[in-house]
Amino acid sequence: MIPAVNFHLWEPCNMRCHFCFATFQDVKQSILPKGHLPKEEAIEVVKNLAKAGFTKITFAGGEPTLCPWLSDLIYEAKSYGLTTMIVTNGTNLTNDFLIKNQGQLDWITLSVDSLIEESNLTTGRAIIGKRTINKTVYCELVDRIKQFGYGLKINTVVTKINLLENMSDFIKYAKPKRWKLFQVLPIKGQNDTKVDALVISENEFITFKKRNELSVSCIQVVTETNSQMKGSYVMIDPAGRFFDNSTGIHVYSKSINEVGITTAIKEMHYDLLKFKERDGFYDWERTIDKVA
């Protein structure tokens with residue numbers, strides 16, 4: 001079994017990324033008008049995952065830091081011994097949040113697609129699509145994440161817009177434990193109305209990787225093509241259902257809380273070999289030395 005799970009607990013987001021493959025508008029329209037479970041039901045999902053044997057949980061969205069009970073979910077997961085992680089655009093990483101979750105949240109994955117503000121505006125990587133995060137702020141975020149003792153990862157979605165960019169100076173400054181590069185992934189029903197202008201070929205994606213990694217040899221650079229991403233992630237939607245994207249569209253299971261992990265996951269097509277091939281296994285229990 002794949003031991004890591006991504007819980008997309010929160011559909012709402014304060015950014016408008018055109019390439020986002022987890023918009024869950026189908027969930028919002030048909031299952032959850034608010035785009036998330038009630039707090040108690042979300043906690044129950046985490047409990048069920050822990051009891052089923054998962055060892056790492058990543059809280060994603062939408063933007064997970066918009067969830068007022070995110071810390072409760074992190075604490076619940078940690079109480080069962082899981083390695084905990086969030087994927088965030090960084091806009092709500094306040095000192096209060098970073099202090100509150102010390103010792104409970106192990107990793108923070110910061111989504112940084114470009115250091116060029118115009119590029120981020122073009123792709124929608126901006127607050128309500130209008131206000132971007134500049135390089136100075138990204139560097140400040142990195143500094144504070146490390147100051148409070150969290151393990152740092154950086155995710156970058158490579159599109160037609162940032163394809164020629166060289167991000168190595170920033171990556172050398174940030175020194176993340178892992179820098180993950182994603183080939184922009186079209187998913188029917190999620191981003192297919194906006195993603196066409198951003199799509200790149202696999203060769204273009206690998207060229208971006210080669211150009212950037214030349215200057216960051218001390219950083220672990222992990223790449224994921226479209227084929228590697230599909231079916232290699234265990235994912236849960238904001239309604240508390242497993243989903244997979246192996247066919248290029250989201251396919252959902254029954255509710256985990258209603259039918260249990262074993263029954264729900266049988267409906268999915270998750271590929272352990274693909275998980276291994278995309279370097280899904282790494283020493284996630286070891287982040288960095290905690291600060292006093």
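In this predicted model, the largest cavity is lined by Phe 19, Asp 113, Ser 114, Ser 119, Asn 120, Thr 123, Val 157, Thr 159, Ile 161 and Asn 162. Helix α5 (residues 117–123) supplies three residues, which is the largest share of that lining. Rolling a probe the size of a water molecule over the atoms shows where empty space is left. With a cut-off of 30 Å³ or more, two cavities are counted, and the table sets them side by side.

| Cavity | Volume | Lining by class |
|---|---|---|
| Largest | about 40 Å³ | three nonpolar, six polar, one charged residue |

Around the second largest cavity stand Phe 7, Leu 9, His 36, Leu 37, Ala 42, Trp 69 and Pro 238.

The sheet is the next topic. Strands of a sheet pair through backbone hydrogen bonds, either parallel or antiparallel. Here 10 strands make up an open sheet of mixed pairing, and their order is β7-β6-β5-β4-β3-β2-β1-β8-β9-β10. Because β7 (220–224) and β10 each have a single partner strand, they stand at the edges, and one side of each is left without a neighbour in the sheet. On average, and with direction ignored, neighbouring strands of this sheet are turned by 25° against each other.

Arg 241 has Ser 255 in β10 as its bridge partner. The hairpin of β9 and β10 has six residues between the strands, and in this hairpin Gly 248 takes a positive phi near 90°.

Elsewhere in the sheet, strand β2 (residues 56–61) runs parallel to β3, and four bridges join them, with Thr 58 standing opposite Met 85 in β3. Helix α3 (residues 70–79) lies across β1 (4–10), β2 and β3, and runs at about 155° to β3. Helix α8 (residues 202–213) also packs on the sheet, where it touches β5 (151–158), β6 (178–183) and β7, and its direction makes about 155° with that of β6.

Leaving aside residues up to four places away in sequence, Thr 83 touches Thr 55, Lys 56, Ile 57, Lys 78, Asp 106, Trp 107, Trp 284 and Glu 285.

Methods. Residues are numbered from 1 along each chain as its sequence is written. This is a predicted model: local features need pLDDT of at least 70, side-chain atom pairs count only at pLDDT 80 or more; totals for chains, interfaces and linings use all residues. Side-chain values use heavy atoms; hydrogens and water are left out. On a 1 Å grid over the protein atoms alone, a cavity is a set of points where a 1.4 Å probe fits but cannot get out, and a pocket is an open set with protein on both sides within 12 Å along at least five of seven lines; lining residues have an atom within 4 Å of a point. Grid points are joined across faces, edges and corners, and a volume is the space filled by probe spheres set on the points. Helices (H or I, at least four residues) and strands (E, at least two) are DSSP runs, numbered from the N terminus. Ala, Val, Leu, Ile, Met, Phe, Trp, Tyr, Cys and Pro count as nonpolar, Asp, Glu, Lys and Arg as charged, and the others, Gly among them, as polar. Contact means heavy atoms within 4.5 Å. Two strands pair if DSSP finds at least two bridges between them. Axes are lines fitted to C-alpha atoms, for helices over the stretch in contact, and angles run from 0 to 180 degrees between N-to-C directions.
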